[in-house]
Amino acid sequence: MNTPIRRALVPSVALLAIFATACGADNEKGGSDNDASTGLSGTLAGAGATSQEKAQEAWYTAVQGQNDGNLEITYNAIGSTDGRSQFVEGAVSFAGTDSYLKDDEGELTAAKERCGGEDVIEVPAYVSSIAIAFNVPGVDTLNLTADTIAQIFDGKITNWNDDAIAADNPDAELPDLKITPVHRSDDSGTTKNFTDYLGKVAPDSWGYEAEDAFPVSGGEGAEGTSGVVELIGSTEGAIGYADASQTGDLTAVSVKVGDEFVAPSPEGAANTVAVSEPVADRAETDMAVDVNRNVEDPTAYPVILLSYIIACQHYDDAEEEANVKGYLSYIVSDEGQSEAADYAGSAPLSADTAARAQEIVAKIGA
Amino acid sequence: MTNTAASPDWTTSKAGIGDRIFAALALAAGLVIVGALAAVFVFLAIKGAPGFSRAADVYGPHATDFFGYVGPLLVGTLTASVIALIIAVPLAWGIALAISHYAPKWLGTPVAYVIDLLAAVPSVVYGLWGAFYLAPKTVPAYEWLHEHFGFIPFFGETSATGRTVMTAGIVLAIMILPIITAISREVFSRTPRLNEEAAYALGATKWEMIRMSVFPYARSGMVSAVMLGLGRALGETMAVTMVLSVGFDLSWNLLGSSSPTSIAANIALKYKERSADLLAVLIATGLVLFLMTFVVNFVARWIVGRSERKMAR
Amino acid sequence: MSTFEEVESRVHVPLTTPRLPRVAPILVGVMAVALGGLVVVLGASIFVGVLAAAVTFLVALPGWSYGVEGRRAAVDRLMTALIWSAFGVAVVPLVSLLWQVVSSGIERIDGTFLTYSAFRTQIDQPTGIYHAIIGTLMITLGAALISVPIGVLAAIYLVEYGNKNRLSRSITFLVDVMTGIPSIVAGLFAFALFTLMFGPAYVSGFGGSVALSLLMIPIVVRATEEMLMLVPSDLREASYALGTPKWRTIMKVVIPTALGGILTGITLAISRIIGETAPLLLIAGAATKTNFNLFDGGMTTLPVYIYTERLDGSDEAKLNAWGAALVLIVIVMLLNLVARLVGRLFAPSKG
């Protein structure tokens, strides 16, 4: 008596499978007519830095919309290193990266080879302040010098009523509370930029190299920007660094720039990029800069993360070339930058930087 | 359908062929497993071999060579797994027994069902729950332990957030509970009724019946269940990544915020922004974890084998 | 001391031994709770109070029983109390976890969430998890199609053909070792294998299936093996005695008898891998559109979706993550139900 059931089971499972495979998602059915369509279609694959993920989401959504949903863009946030190597291997058309291509391990040369011997396009796409957020009851603003910050994260200053903190905050009522420094437990570009800042501005108090991994043992580690933000929010006496767009209700430290204390702001971040030195001996299409952490101008906020997009000038496939050009043009356009600022909280590129990036992107396919 | 039922065919060659094909298939499946494992091992060995001898700064900033790098991670892996097993095994066997032999059916069946479901909760969710719900709630308990039992080196200075190796162990314990419980329950409930009745007939109390009839019958299944649980605890990635606040201090303290993380979690933490050199190192740590599982299983098997011999005597 | 003496002494005692009153456990329980409450009132933390109550109960009841009923009954009482407290202690966090998933997830569940993918052409469009549901189902199905035949056949080899020879013992051992493969290493392995075969940055759902089957096979083998070993050998011998060939005995007698347990094992294995994130991050890529092709292009699964939504950090994303977790649990619940139903349908009739 088992057999009939078994016979019935096979077709019904098959039917179920066909039924399942037959329906796409409701939102994917047909595009609307759109006069402003830029007429791109097919797919475009990119990969790289996690920091750009949210901005990329804003960008590809907009570009997909401009093309009536005929173009599908994917950005796989697998990390800068993998993004660069996938680009070099030709697996993706463009990559996002938190650190520019270097020739220490032959990466820049390899990338050039991938682009048929032509210079690689490397433009800044995503600039964001790194906020040093804190959770101290009764304290709404906090001024700190890089030296003090370095000592806090190094475990040298352990209480909020320490004299070094009080000296810069004469008006604040600092409680007798243990400091819990919070850092990223995963490797990230945010940590690298933060430790780079401390190492450059406070070399006496911070004896570590700028690295993706947080160098000090001690304090609390949390995974991802959201992990750090939530941990600071739930722990009294905590202080930590995170992408300013995601710190939400937390208040951020004002760091000492020149003679003043400056709070993180999109304009401050963009200004820091504007005054930073381009890396020497770079091709015309390469906008790599070394961020100037020691900036003296109080309109600049030096604790920033600068993330690039890497692409080629020419691609073998004409459709791929058109898609890359269309997408990258949108990213560095004023519209694209302000879209990312709205959605991901990044800092739009300053006018000069943006103009130069647009010029470079225009060379794709030209 | 066939004439097997009508005519006994142990003499026909047809049955022989069927048997041979079936046996070959079964053997092939076994060999596929051996092959797959060998492939994983070879892959780890080839890709990880350079990781044993990289420049000192690759292992930095807290170690200068491979063994300095992997040592604390090994300790972290073992500590969290051992805590998880110590908590989970007695609890899991307790629940399994409660469901199979103590609880009335109206209670046991739904609870068993819920526990099966929990095996499916993604480790990310356990991680979320552990980091943001459980960890803060453990702080007073840890403080109490430190205050009253601080002389035991396990209970040293406490973390302000509760994201300690102890919490990671507890979360792991909860994660491996379902799988240990499910398998143990299945084997407990399969104890032959007659064996149980025989024990009662000899005047055994319920516990004596369980000790004399259920446990010997279920022994191998119970060990399997524990090994599966241990395997999951050793290799668990996401939950540890999310719960544990990572440091590099080697100490007995289970309640501090600077305990080393586990090998699997370390791979997840470092994988995204790694250099080619560090990738080799990470794969080499994977190889070490693999070998450790080998050793742990070997030891467990030896212990079980010894106790079985003792029983037979 | 000797058994003889024990038997001797029992002959002289009355046929009924003294027993504690039926309400004894409740009585002691109430007392223990009261004591715990008192400790809390006196200023200790709740944790200490609960600990005090538990210890009191676990000491007082067996102690009383030891005085009245004797050592064996006292041990029985102690173990019963321990087993029930294990039940209570473990069920509380498990249920609290489940409750949190259900209560946080239910808010987000609606038609749009279930039938839309994450593909958008405007930033304020609603999104859903349809693509992730399909991805989860297809990748898991792929893994099950690889693992179940291999796992069940290997278990059959171990139990029915291996006879504890050297090969079968090493396979059993290797299966145990296999359970210890960290999921992320399985992902690395699949990644290396497929990029070797199909060029760099190959992503596909099938790669994910292969990685997951590495994790699934040992569970299937272990569960099946245990169940097959529990099939009484009388059944096999009865079948052989009727002249049935070994393979038909296995297919018609052994497997159906153990089917319920095997299916539980398989569903457990599926439950175990369906929530796996780490390997899929490496090999299965990501997609915002629904991808029905297991062999080409990235696929997002529910756990990966949950992971990325959590990293996003916004409130809306968190809600999405809980919603997806709930859907995942419901999928597993349905799988469980189907497995139970199938197990019941094919189980040999009793009686």
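Guide: Helices (H or I, at least four residues) and strands (E, at least two) are DSSP runs, numbered from the N terminus. This is a predicted model: local features need pLDDT of at least 70, side-chain atom pairs count only at pLDDT 80 or more, and totals for chains, interfaces and linings use all residues. Residues are numbered from 1 along each chain as its sequence is written, chains are lettered from A and ligands numbered from 1 in the order written, and side-chain values use heavy atoms, without hydrogens and water.

Visitor: How much helix and strand do residues 164-183 of chain B hold?
Guide: That stretch is 95% helix and 0% strand. Its end C-alpha atoms are 29 Å apart.

Visitor: And residues 221-248 of chain B?
Guide: There the chain is 75% helix and 0% strand, with end C-alpha atoms 37 Å apart.

Visitor: Which residues of H10(A) meet H11(A)?
Guide: Tyr330(A), Ile331(A) and Val332(A) do. Contact means heavy atoms within 4.5 Å. Their partners in H11(A) include Asp334(A) and Gln337(A).

Visitor: How many residues link domain 1 and domain 2 of chain A?
Guide: Eight residues of domain 1 are in contact with five of domain 2. The C-alpha centres of these domains of chain A lie 31 Å apart. Bounds come from an automatic or database domain assignment.
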